[in-house]
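Student: I have not looked at this structure before, and I would like to go through it with you by question and answer. Could we begin with the chain as a whole and then turn to its parts?

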Amino acid sequence: MKEQDIQAIQLLLSTPKKIAIIPHRSPDGDAMGSTLGLYHFLLKNHHYPVVVSPNEFPDFLAWMPGSETVKIFEKDKKNSTKILEEAELVFTLDFNALHRVGEMENVLNKLTAPFVMIDHHQSPDAYAAVTYSDTAFGSTCEMLYNFICFLGKKPDLDKTIGTCIYTGILTDSGSFRFPKTTGTTHRIIADLIDLGVENTEIPTLLYDNSSYGRLQLLGRALQNMQVLPEHKTAYTTLTQEELDTFNHVKGDTEGIVNYGLSIKGIVFTAIFIENAEEKIIKISFRSQGDFDVNLFARAHFNGGGHRNAAGGKSVLSMEETVRQFEELVTKLKT
């Protein structure tokens, strides 16, 4: 962070304030880890923070400390709007464009309180009074750790804050396998473990609590997988009917897209998931090496993200979307 931004934050936090903390829609481990980590940090510094999520977060994150305090905008728009309108300061974490919060954007656009952005995605919008944006980081949680240190508040880090930060780093780094995992990342993790963070327990809470339906859904996704070896690409699909058959709940498809990259010789993979209610096909892309899925998602599927992990959507049918994807892949140099 720039010194002038650090000083601006210190001034904003110099007196107790009502603070709204916002993750992106359909928050993942990094979004929930960073918002809840910041929530506990601000509580410790005598502020009045509230995390307001645009919609529900996955059940496998419900164990996180403070998750029971999170307000869900879609479930209670009246009270959530009141919290946002009364906020004297607004933090947005793990996203950099207000459209990423869905319907809640209409409320945020009317707020007069200053915004602070902490995020690691490309091409941030200019809505925040203070922006801490850096694509070199693999997670917003790693940036939150630095943010606390920049403020001279490293002694405030404790097991609770550390647990939230650890969760976001673990999930967004692909369990420390993705390219942006650095020596500094591991040094931060070591610091968190020294604070008492249960590094052997958290992966179990995140990954080893699947329902039978979730495992069946994974099995169906693997059955549906198609491999295009000449283009080093794999993809799979899940229709709304298949989701309903296996009693899909939010979070059940998390991580399925990564299985394509476990196939020898594959560097590009995707999953197409039908959402009948929204009348779209939701898409996740992953890659290895130099192939930039962020550029691919932005150019063709109204999305974006990181070089090796991005998302998008299509308003075409599943069949038309897959056909478009296959046609595009034949023209790629992967």
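Student: Among contacts in the chain between residues at least 6 apart in sequence, what percentage join residues at least 24 apart?

Tutor: This is a predicted model, and what we say about it is computed from its atoms. A contact here means heavy atoms within 4.5 Å. Among such contacts between residues at least 6 apart in sequence, the share that joins residues at least 24 apart is 65%.

Student: What radius of gyration does the chain have, and what would a compact globule have?

Tutor: The C-alpha trace spans about 60 × 45 × 40 Å along its principal axes, and 52% of the 334 residues count as buried. For 334 residues, a compact globule would have a radius of gyration near 20 Å, and the chain agrees with this, because its own value is 20 Å.

Student: Which residue of β4 stands opposite Ile-21?

Tutor: Strand β1 (residues 18-22) runs parallel to strand β4 (residues 89-93), and 4 bridges join them. Across this pairing, the residue of β4 that stands opposite Ile-21 is Phe-91.

Student: How many residues of helix α2 are buried?

Tutor: Helix α2 covers residues 29-44 and reaches 22 Å from its first C-alpha to its last, close to the 22 Å expected at 1.5 Å a residue. Just after α2, His-46 takes a positive phi of about 70°. The helix is largely enclosed by the rest of the structure, because the number of its 16 residues that are buried is 14.

Student: In the hairpin of β7 and β8, which residue in the turn has a positive phi?

Tutor: Strand β7 (residues 226-228) and β8 run antiparallel and are joined by 3 bridges, with Leu-228 opposite Thr-233 in β8. The two strands form a hairpin with 4 residues between them, and the turn residue with a positive phi, about 55°, is Lys-232.

Student: Which residues point each way from β8, and are they buried or exposed?

Tutor: In a regular strand the side chains alternate between the two faces of the sheet. Strand β8 (residues 233-238) is mostly covered, with 6 of its 6 residues buried. Thr-233, Tyr-235 and Thr-237 point one way and Ala-234, Thr-236 and Leu-238 the other, and all of them are buried.

Student: Which residue of β9 stands opposite Thr-236?

Tutor: Strand β8 also pairs with β9, here in the parallel sense and over 6 bridges. In this pairing, the residue of β9 opposite Thr-236 is Ile-271.

Student: What is the angle between the ring planes of Phe-285 and Phe-301?

Tutor: Phe-285 is buried, with a relative accessible area of 0%, and Phe-301 is buried as well, at 2%. Their ring centres are 5.7 Å apart and the pair is tilted, because the angle between the planes is 45°.

Student: Which residues do ring pairs link into a cluster?

Tutor: Phe-268 and Phe-285 both belong to this cluster. Its members are Tyr-235, Phe-268, Phe-272, Phe-285, Phe-291, Phe-296, Phe-301 and Phe-325.

Student: How far apart are the C-alpha atoms of Val-293 and Asn-308?

Tutor: Val-293 lies in helix α11 and counts as buried, because its relative accessibility is 0%. Beyond its neighbours within four places in sequence, its contacts include Phe-268, Phe-285 and Asn-308. Val-293 and Asn-308 are 15 residues apart along the chain, yet the separation of their C-alpha atoms is 5.7 Å.

Terms used
Residues are numbered from 1 along each chain as its sequence is written. This is a predicted model: local features need pLDDT of at least 70, side-chain atom pairs count only at pLDDT 80 or more; totals for chains, interfaces and linings use all residues. Side-chain values use heavy atoms; hydrogens and water are left out. The expected span of a helix is 1.5 Å times one less than its number of residues. Buried means under 20% relative accessible area, exposed over 50%, partly exposed in between (1.4 Å probe, protein chains only). Rings of Phe, Tyr and Trp (its six-membered ring) pair if their centres lie within 6.5 Å; planes under 30 degrees apart count as stacked, over 60 as edge-to-face and the rest as tilted. The radius of gyration is taken over C-alpha atoms; the globule rule is 2.2 Å times the number of residues to the power 0.38. Two strands pair if DSSP finds at least two bridges between them.
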